[in-house]
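Hi there,

Here is the structure I promised to pass on. Please open it alongside this note, and I will walk you through the pockets.

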Amino acid sequence: MTTFTRDTEIFRDEDMLREDYQPESITAREEELENYTKALQPVVNGAQPRNIFLYGKTGVGKTAVSRFLLDRLEQDIERYDDIDLSVYWLNCTNLSSSYQVAVNLVNTIRAPSEQISTTGYPQQRVFDILYDELDTIGGTILLVFDEIDQIGNDDEILYELPRARSNDYLESAKPGVIGISNDFGFRDDLSPKVKDTLCEEEIHFSPYNGPELEAILQERADGALFEDATEQGVIPLCAALAAQDTGSARQALNLLYNAGELARTEAKSVISEAHVHDARDELEQSQIEHGMRELTQHGHLALVATLHLALEEDTPARVRDIYPRYRTIADRSEIDPLVRRRMHDHLADLAMLGILDRQSRNEGRSGGQYYEYEFSVDLRIVQEVVADLEGVVLPERLLRQL
Ligand code: ADP
Ligand code: MG
């Protein structure tokens, strides 16, 4: 008996629906590609590269377009013997300072056996090591910092690197920085000197509209899915749902991929619109679950307190009912409780994240207004999250029900 057999319906090459798949062509980004190409022209001319800053929400093609164009650049430049181009990518997720970026960049450049330690050097020392590495490589060096917003205000490196040559720290290397950010605020918060240097060329990526997402999806689906694997309206539906929500190609691709998985699980040979709607619900749930896990400690305490009431069927509940529970749980967990108003802010946050539903009520004739809260997600999901929390001592009654 065989347990595993290869799919012969739905997915022909499901990797093509993954977000890290690099498409062979870019759809619907003509203007951005044109500006990006122009901004890179000095590299082709053997001149000092410009610094480029790309920004736009997540899933709008910043990484894919950069990969695509820099690959092209490397290919096309091979014709010119006098240009020596190196491109280094650094994903800055979880790198919260210029220091960490510099260390990781050194380690990206160096062989695995010559890595430096991520702590313990003075910042200037790490910069010096970095300049030495860059000079050893020589020629034009493009440094791509993806998700650069992660470094927050500690943006010194974005100023230092592009200026290293004019400051005589570098002899033979011509570095150019390409910064990519998902966060609009990051650009506005850059210190003025960094903004002037880094944002020499700015390229903004706007959210995709429905037809653009449909074109991107169709292109992917042609390779990823078997012919006739989708009901007619499926791809336009994924595109429309993502366009209404975020305008993100990542979201549209995820919808199609998850809808396909649902069809596969049900042993269907065609993805239907119902699968897409179900996939959307699932993705929304998992996003909310993720949001719950990422809450701060007091957010978690507020969550547990409300869950406690919900399991006793005492919701919708007011702050004055939730707060005493919150205090008890905080005490038992040896966490200093917040005052009621501040803890109320956390309930409001939970409502904003779609975890709680918040209704405003009027207090009879006296005319006072108050809020009532109840969960707008399946309690089982909340219980799962709560069961994994560290540092929060759960009430006995709640424990028994997990
Ligand atoms: P960002 O870096 O802006 O968050 P990505 O470049 O990672 O977004 O894009 C998310 C997904 O959508 C990737 O799988 C990418 O290949 C795909 N994608 C985005 N824009 C396009 C496009 N214009 N053409 C083809 N695929 C795209
Ligand atoms: Mg990206």
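A word on terms before the pockets: on a 1 Å grid over the protein atoms alone, a pocket is an open set of points where a 1.4 Å probe fits, with protein on both sides within 12 Å along at least five of seven lines, and lining residues have an atom within 4 Å of a point. Grid points are joined across faces, edges and corners, and a volume is the space filled by probe spheres set on the points.

This is a predicted model, in which local features need pLDDT of at least 70 and side-chain atom pairs count only at pLDDT 80 or more, while totals for chains, interfaces and linings use all residues. Residues are numbered from 1 along each chain as its sequence is written, chains are lettered from A and ligands numbered from 1 in the order in which they are written, and side-chain values use heavy atoms, without hydrogens and water.

**The second largest pocket**

This pocket holds about 460 Å³ of space. It is lined by 16 residues, with Asp-245, Thr-246, Ser-248, Gln-251 and Gln-287 closest to its centre. H11 gives the most to this lining, with 5 residues; helices here are DSSP runs (H or I, at least four residues) and strands likewise (E, at least two), numbered from the N terminus.

**The largest pocket**

Its volume is about 820 Å³. There are 34 lining residues, and Glu-19, Gly-61, Thr-63, Ala-64 and Arg-250 lie nearest the centre. H2 gives the most to the lining, with 5 residues. Where does this pocket lie? Domain 1 (30-204) and domain 2 (208-291) both give residues to its lining, so it lies between them; the domain bounds come from an automatic or database assignment.

**The annotated site**

An unreviewed UniProt entry places a "binding site" at Val-60, Gly-61, Lys-62, Thr-63, Ala-64, Tyr-208 and Arg-220. The lining of the largest pocket includes each of these: Val-60, Gly-61, Lys-62, Thr-63, Ala-64, Tyr-208 and Arg-220. UniProt positions are in the numbering used here, feature names are shortened, and annotations may be inferred rather than shown by experiment.

Gly-61 sits in the loop between strand S1 (52-55) and helix H2 (62-77). (Buried is under 20%, exposed over 50%, partly exposed in between, with a 1.4 Å probe and protein chains only.) Leaving aside neighbours within four places in sequence, Thr-63 is in contact (heavy atoms within 4.5 Å) with Trp-89 and Asp-146.

Best wishes
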